[in-house]
Amino acid sequence: MDVDQPPAASPTVTLPPTERRNPASLELDRLDTRAILELINDQDATVPGVVRGSLPELTELVEVALRTLRAGGRVHYYGAGTGGRLAVGDAVELGPTYGVGTEQVVGHLAGGARAGSVAREDAEDHAPDPDEQHPPVQGDLVIGVTASGRTPYVIGALRAARAVGASTALLSSDPHAAAADFADLHVLLDTGPEVVTGSTRMKAGTAQKLALNAFSTALMVRSGRTWSNLMVAASARNAKLHARAVRTLVTACQVSEQEARDCLERCAAETATALVVLSCGCTVEAAREALARSHGHPWAAVRGLTGAAG
């Protein structure tokens, strides 16, 4: 039998695409280093187009998440392995970037926090612990992240979410994902077979990273956590973030660095509040009230205080 080809009676037709053999990499172990890297790069180049094709569903997911947050609900990510670590990382990064914590976006990883640094392959075979921290409730949105679309941990999370009245969505790389039966919305990232069969940290993981970044960034922008393309909702409580907040105020409000620092101090390091104060010449209290009325949107707060059009 030719070792380069699967047997004629191969069961791959029943496997998710990410578990099938990639014809382009059948001679992978015979290539030199440069050829291996070129092959990987060629395969990686197909991923952005796959994500582009998912934008209609991704758009719908952002809108569902936006309605969820505005109604006081939370967005939850559930995943295992690479997808789970990417999802948890995305949730965690929303804190320093946009000032969002677990009161709004929560990441859940099969195996718990320790699985973020030490692989726990067995954990994905079981549904989430019903007594875990920050469980979904009615009105929340639960997003399962699994390349195969059949991870028991993710299926269990989606099933439990539906049982409590939460909305559900799935990011997978399988058009026939079993988990899609428990999702209101399926964002398909059909990246196909990997260079190394089943190594979903490659194309599938890259697609998940791009989709999660796009989803959460669009959600934060639509939630009013930017001014133009500047961060205005991030914490300014360490040196790097404080310096960034000062630059943001200098750029957005055309003030000196000293004016920006002084205003930021008066506003308890709340960049959005300082931006409204500097833009409108109002008090800190008035800026906070305007932001509350505008659901945190700085431009809407400024418009409300100044009567500016647009």
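Predicted model: local features only at pLDDT ≥ 70, side-chain atom pairs only at ≥ 80, totals over all residues.
Residues are numbered from 1 along each chain as its sequence is written, and side-chain values use heavy atoms, with hydrogens and water left out.

Helix α7 (residues 239-253) packs with helix α8 (residues 257-266) at an angle of about 115°, the axes being 9 Å apart. Helices are DSSP runs of H or I with at least four residues, strands runs of E with at least two, numbered from the N terminus; axes are lines fitted to C-alpha atoms, for helices over the stretch in contact, and angles run from 0 to 180 degrees between N-to-C directions. In the contact (heavy atoms within 4.5 Å), α7 contributes H242, A245, V246, L249 and V250, and α8 contributes E257, A260, R261 and L264.

Six salt bridges were counted, a salt bridge being a side-chain nitrogen of Lys or Arg within 4 Å of a carboxyl oxygen of Asp or Glu. Within helix α1 (residues 33-44), R34 and E38 lie four residues apart, about one turn of the helix, and their closest N and O atoms are 3.0 Å apart.

R162 pairs with D184 at 3.1 Å between the closest N and O atoms; R162 belongs to helix α5 (residues 152-163), and D184 to the loop between β4 (167-172) and β5 (185-188), 22 residues apart. R288 pairs with E270 at 3.0 Å between the closest N and O atoms, joining helix α10 (residues 284-293) to the loop between α8 and α9 (271-280).
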